[in-house]
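We will start with the whole chain and then visit a few single places.

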Amino acid sequence: MFPLYDVIVVGAGHAGCEAAAAAANLGSKTLLITMNMQTIAQMSCNPAMGGIAKGQIVREIDALGGYSGIVSDKSMIQFRMLNKSKGPAMWSPRTQNDRMLFASTWREMLEATPNLDIWQDSVNSLIVSRETIEGVRTSLGIEIRGKSVVLTNGTFLNGVIHIGEKNFGGGRIGENKATGITEQLVELGFETARLKTGTPPRLDGRSLDYSKMEEQGGDEDIVGFSYLDTEKPLNQRCCWVTYTNEAVHALLRTGFDKSPMFQGRIQGTGPRYCPSIEDKIGRFADRDRHQLFVEPEGWNTVEIYLNGFSTSLPEDIQYKALRLIPGLENCKMFRPGYAIEYDYFPPTQLKYTLETKLIKNLFFAGQINGTTGYEEAACQGLMAGINAHQAVHDKPEFTLSRSEAYIGVLIDDLINKGTDEPYRMFTSRAEYRTLLRQDNADIRLTERSYHLGLADEKRMFNLKQKTNDVDRIKEGMKTISFDLGQLDEYFNEIGTAIIMEKVNSIKILLRPNVTLLKLSTYSKELEELLRGVPRETIEQVEIQLKYDAYIEKEKELVMKASSLEELIIPSTFDYSTVKSLSTEGKQKFIKIKPRTLGQASRISGVNPTDIQILMVHIGR
């Protein structure tokens, strides 16, 4: 019934979809197995993509030829570029999305992908022989053979849902949990643990009073995620902001004695940076209010997502507290918020390719590795799908370094430091964030993906056109200058000193608040140089020129750090023979088996002395 597949992907969430698409587009015969074909690419929690650092990840996925950016653009109902008041390294795109359109667009794109089959079933065990994966067994008793398997089980592995004192098995509300895989992997020698996440109640938008809330519109200029020419919406939907208050907090406290989190019924660790509303009240007792975002779930639905009100308190407590929030006095709930506990596998058990160290050609991606968020899951899926393809076709592994991509930072953090709480990406995690901007993900990654065979000719054409235009404009600006008095009106408008002599256009652009587009309105030569050039390319020129000194400084830091990355540690190196290593350092090296001294230096618990000692012994 089933052929021998090159790649079998288990789970059709964000990680699974990207993994399946990548492997199939690279030419592997691929099977995507999902428990329910109606929930492919489901936005299980908030109906949004991107945000701080997460937006950079989505742009990187797109630059590499993944689908998340295209799907997000096609299903967006609002776009905002966050952190525009800060430097470009901090700018982060975010879309509010139509939940149903997002999922249906993903499914349409998967169904149009050559080499990709889809099967609705539940996988409850793996076929393993001689420490090598050979396929999967399903709940229907079917054995499906594959040269590689990518597990992207999300929150389904032994998932337990909590609402107040009630708890029941499930991977999402209304969907069954997955059993069998964790138990088998533990028998095979894997370490496992539990994590927890949560989601807010969903509200009926017809019952809300928006006049009591702050309106939050989208950007006038919609940039989007994809470097392809995706269609953008002509209109956007508004979101709103409201706040909790002391009365809300007091009401919520009455349910703390029935809280599964406070009463110890939830053992898994929850996300530090996206706490439940009851956790916020406990941790920030001095705060008399907390911000809530009232987000529509799509174009043609009244369903509302209350961002910031994640909770597992009893449903009656949730309902009473909601009605004390401004604008929600008469609200109706479609469903209560809930918490979910699930199994994950500490990611120190993985290689850089996301292949497991114990089982050859078995890959993990997404929440099974301890991450939280669609974006973190999707990029892992993309990398696992690529490397599963590479492995079964005897091709070189594909990895990204910390200086190349946020994706590289994420994977490096996971496999070297591990995580005992849901891992979320932030710009602060990237030491080279001036290089890893959202605007240049295509410049950083598309050519590498093109040579791999994933990014297509259209993406390379767009990239070459962009880089050629950037170089042409920068070169042209060297010959364009402004005369005394030519910019007085503009400089008075932005509050900067007028020029007292002829000054080159690049030098003028370096001034604060001066923009290239505005500057071009005062020069026919500059206006002609920019004619027909996309706004995003003009912005790229501006960023490269304004931040040239900072960019060059970070490039120098990368060059210095790369020396450690080039020092390879032999796979046969016996750390137990190095007596002078610290006990913790020795234990960590034996467990993680770093490939290079650079990787070894980033392992949590390893001190600089251990690295120096290791360097001496490898030199010998």
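The tour below goes from the overall fold to selected residues.

**Before you click**

This is a predicted model, where local features need pLDDT of at least 70, side-chain atom pairs count only at pLDDT 80 or more, and totals for chains, interfaces and linings use all residues. Residues are numbered from 1 along each chain as its sequence is written, and side-chain values use heavy atoms, with hydrogens and water left out.

**Stop 1: the whole chain**

Show the cartoon. The protein chain has 21 helices and 22 strands. These are DSSP runs numbered from the N terminus: helices are H or I with at least four residues, strands are E with at least two. The C-alpha atoms fill a box of roughly 80 × 75 × 55 Å along the principal axes.

How does the radius of gyration agree with that of a compact globule? For 620 residues the globule would be near 25 Å, and the protein chain has 26 Å, so the two agree. The radius is taken over C-alpha atoms, and the globule rule is 2.2 Å times the number of residues to the power 0.38.

Now colour by burial. Buried residues make up 57% of the 620. Buried means under 20% relative accessible area, exposed over 50%, and partly exposed in between (1.4 Å probe, protein chains only).

**Stop 2: F225**

Select F225. It sits in the loop between β14 (214–216) and β15 (239–243). Is F225 buried or exposed? It counts as buried because its relative accessibility is 0%.

Show what surrounds F225. Leaving aside neighbours within four places in sequence, its contacts include M49, V58, R59, P93 and R94. Contact means heavy atoms within 4.5 Å. Next, pick Q438: it is 213 residues from F225 along the chain, yet their C-alpha atoms are separated by 8.9 Å.

**Stop 3: helix α9**

Select residues 374–392, which form helix α9. This helix has 19 residues, and 18 of them are buried. Just after α9, D394 takes a positive phi of about 55 degrees.

**Stop 4**

Most residues other than glycine have a negative phi. Select N115, in the loop between α4 (99–111) and β6 (116–120). N115 is not a glycine, but its phi is positive, about 70 degrees. N115 counts as partly exposed, because its relative accessibility is 35%.

Finish at E131, in the loop between β7 (123–129) and β8 (132–138). E131 has a positive phi of about 60 degrees, and it is not a glycine either. At 58% relative accessibility, E131 counts as exposed.

Notes: Expected span 1.5 Å × (residues − 1).
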